[in-house]
There are 2 protein chains.
Amino acid sequence: MKQDIRLSEVARAARVSIATVSNVINDKGRVSTATERRVRRAIEQLGYAPNLLARILKTNQSRLIGLVIPTARPGRLQDNPFYWDLLAGIEEGARDRDFHIILAGIEEGDETFAFVKERQLDGLIYVGASEEGGAVERVLELGVPCVFVDSYLRDARLYQVCLDDRLGGLLATQHLLELGHRRIAVLPGDIAPERLHRNGVLQERWSGYRLALEEAGVGYDPRLFMRYPTSMEGGLQAAAWLREAGDVTAVFSFSDISAMGIVKGLRQEGLGVPADISVIGFDDLCLSGYMSPALTTVSQNIVQKGLAAIRLLVDQIEQEAGFSRKVVLPVELKVRETTGTPA
Amino acid sequence: MKQDIRLSEVARAARVSIATVSNVINDKGRVSTATERRVRRAIEQLGYAPNLLARILKTNQSRLIGLVIPTARPGRLQDNPFYWDLLAGIEEGARDRDFHIILAGIEEGDETFAFVKERQLDGLIYVGASEEGGAVERVLELGVPCVFVDSYLRDARLYQVCLDDRLGGLLATQHLLELGHRRIAVLPGDIAPERLHRNGVLQERWSGYRLALEEAGVGYDPRLFMRYPTSMEGGLQAAAWLREAGDVTAVFSFSDISAMGIVKGLRQEGLGVPADISVIGFDDLCLSGYMSPALTTVSQNIVQKGLAAIRLLVDQIEQEAGFSRKVVLPVELKVRETTGTPA
DNA sequence: TTGAAAGCGGTACCAC
DNA sequence: GTGGTACCGCTTTCAA
């Protein structure tokens, strides 16, 4: 659709030059009150809306932020309602600061990020980036402000938003220990123990788990390390394994979604939660508190996460150097119904 | 960030005019194979990416679609994971057709939709529009292709994607009737019976409910009409009411999210599901099948919904007039664990 | 205070 | 086939 009304027509209607109209629109000041009023009325009457594209072409500021989300990674987006909350926070924050969000689902392997230059994006929020595959390097090469959310990046120069994951791991494990559990299985996700250190988030939660164990003088048993995908399905598989294990009385899942699967699976196998096995998750999805039984979990404010990401990004874009490149959000233990004293 | 490499530099490197480079880029044909190769190599070597904004300014085609989502309406977005699935479908469809999605959370009351003209959007997908407040009229005035998803619009000229809601209502109710239930409560949402006709989706599901009752020769009792918000919280309230009602043996909730709340609430009140009361929902969220007990529901393919919306929109944008303005997606009854024979 | 005019980076028409 | 050039709609010097 073509521009129906443009600057020149407003100018004609107000009997001034286009430069003056432009000055009025951008509040440049140097316009007499009388003319300004004339111009504003003309704008009003004609229902003029400026063409941002033309403006961007000139100013190189698109006020457009790309939200980069790897798709088709099993156990991530499609399966995890977590992302909806995050998105809500990001959109809201962007709107408040007069930015728009452009959605970019990508295949991490072969994405060139051409759209960033093509559409002159002001910045990027990259959710769940991984260090592998080189996608992150390619993004950085673009030279565009970028914030990584829930990514597993060890480079301290990058802007990141994450949680106090270690504390979360600690709190969850301590809670189970205090209840009297000693055989506490752990489900980080679909990852081998020796690769845990490459994944910041999981590594931290893991450290918290180990730390709590140590403080309590409980030895760590590597056989209690489970490896299943971060999804409802993965939780189901973990439940089957738990049943075989026999002596495990509690599980710490690093995500609510798989914790839900575990609870579901355990019950299907005829085991009681928390009667036979206690389950604790991580995330506190909007649904977690409403399950039956309600899930005990480590809570994070996901909407806050989105807001923080936007803030960090906009500060970069507008050169307002923030103090820190990494925002660490707090966690909170929410004790509900899936944990109890061991049988 | 300023354009690092532009057409003119590619032209210089390839020793041709910018017009020729443009012709190569846009596959206009009229270029000799030799020059084309030279140009392509220059593009490659310089890492040139065209500036879409400049192109759009000239061609008026932004290949950008606005996804309009009313925010802050309780019981909608924030609370309902449903939208995440929808979004995934829309983004995927858009990507396949080389469009990008720009997210626009709006307050339905006072949104002017200025961003549509400002950013020269090619089209709009409006999720959950309501006939009230005049937002729809304002959108239509823009003269931009538009598709309404899950909106309650009676104007047959509008492009819409929805479900076979009536069939869904019919199937759900028939299922309960066949199990032997006679006192079947219904929870459409936070809406009065006399206003139901203004809301296409709910009205249709309602018709299905009434129809099934009629076919089975079961009289309709208006006291079984519940009115609570479409959210987990609303379901909880409904559960409290059900307990008071006493003789109700089954409930049909028009959304999974409130059905989950009902199940949760009922159990808290000490009632068994489905032992005392059967519950059936509508949506089939990704989590619904994994709850304990798993929710019986009317299933819709939400991702398909997103894809259909994009198709309908792109057909409009590219003038490929489709047959029909309204796409009605199928529903399917998924019998799981929350329904059974009455006590 | 106001206006004329030179771009921003492309597209497309029209000569050659 | 190829190149010159007039726009697209706005911002921004620089003069008047």
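Here is a walk through this structure, from the overall build of chain A down to a handful of individual residues. Keep in mind as you go that this is a predicted model.

Let's start with chain A as a whole. Its secondary structure comes to 12 helices and 12 strands. The radius of gyration of chain A is 26 Å, while the globule rule gives 20 Å for 343 residues, so the chain is more spread out than a compact globule.

How much of chain A counts as buried? The figure is 57% of its 343 residues. Contacts tell you something about how the chain comes back on itself: take the contacts in chain A between residues at least 6 apart in sequence, and 72% of them join residues at least 24 apart. On the charge side, chain A carries 40 positive and 45 negative side chains, with 8 Å between the centres of the two sets.

In chain A, the peptide bond running from Val273(A) to Pro274(A) is cis, and its omega is near 5°. Pro274(A) sits in the loop between helix H11 (256-268) and strand S9 (278-283) of chain A. Hop over to chain B and look at the bond from Val273(B) to Pro274(B): that one is cis, with omega near 5°. Pro274(B) is in the loop between helix H11 (256-268) and strand S9 (278-283) of chain B.

Next come two residues with a positive phi. Asp150(A) is not a glycine, yet its phi is positive, at about 50°. To find Asp150(A), go to the loop between strand S4 (146-149) and strand S5 (159-163) of chain A. Is Asp150(A) buried or exposed? With a relative accessible area of 9%, Asp150(A) is buried, because the cut-off for that is under 20%. In chain B, Arg63(B) has a positive phi near 50°, and this residue is also something other than glycine. Arg63(B) belongs to the loop between helix H4 (52-59) and strand S1 (64-70) of chain B. Arg63(B) has a relative accessible area of 25%, so it counts as partly exposed.

Staying in chain B, have a look at Asp221(B), in the loop between helix H9 (200-215) and strand S7 (225-227). Its relative accessibility is 11%, so Asp221(B) counts as buried. What does the side chain of Asp221(B) have 2.8 Å from one of its polar atoms? It is the backbone nitrogen of Arg223(B). For a sense of distance, Leu158(B) is 63 residues from Asp221(B) in sequence and 35 Å away in space, C-alpha to C-alpha.

Last stop is Thr297(B), in strand S10 (residues 296-299) of chain B. Thr297(B) has a relative accessible area of 0%, so it is buried. The Thr297(B) side chain reaches the backbone nitrogen of Phe282(B) at 3.0 Å. Leaving out residues up to four places away in sequence, Thr297(B) touches a group of residues including Asp256(B), Ile280(B), Gly281(B) and Phe282(B). Also among them are Asp283(B), Asp284(B), Glu332(B), Leu333(B), Lys334(B) and Arg336(B).

Methods: Residues are numbered from 1 along each chain as its sequence is written. Chains are lettered from A and ligands numbered from 1 in the order in which they are written. This is a predicted model: local features need pLDDT of at least 70, side-chain atom pairs count only at pLDDT 80 or more; totals for chains, interfaces and linings use all residues. Side-chain values use heavy atoms; hydrogens and water are left out. Helices (H or I, at least four residues) and strands (E, at least two) are DSSP runs, numbered from the N terminus. The radius of gyration is taken over C-alpha atoms; the globule rule is 2.2 Å times the number of residues to the power 0.38. Buried means under 20% relative accessible area, exposed over 50%, partly exposed in between (1.4 Å probe, protein chains only). Contact means heavy atoms within 4.5 Å. Lys and Arg count as positive and Asp and Glu as negative; His and the chain ends are not counted. The place of a charge is taken as NZ of Lys, CZ of Arg, CG of Asp or CD of Glu. A polar contact is a pair of N or O atoms within 3.5 Å; within protein, one must be able to donate a hydrogen and the other to accept it, and residues adjacent in sequence count only if both atoms are side-chain atoms.
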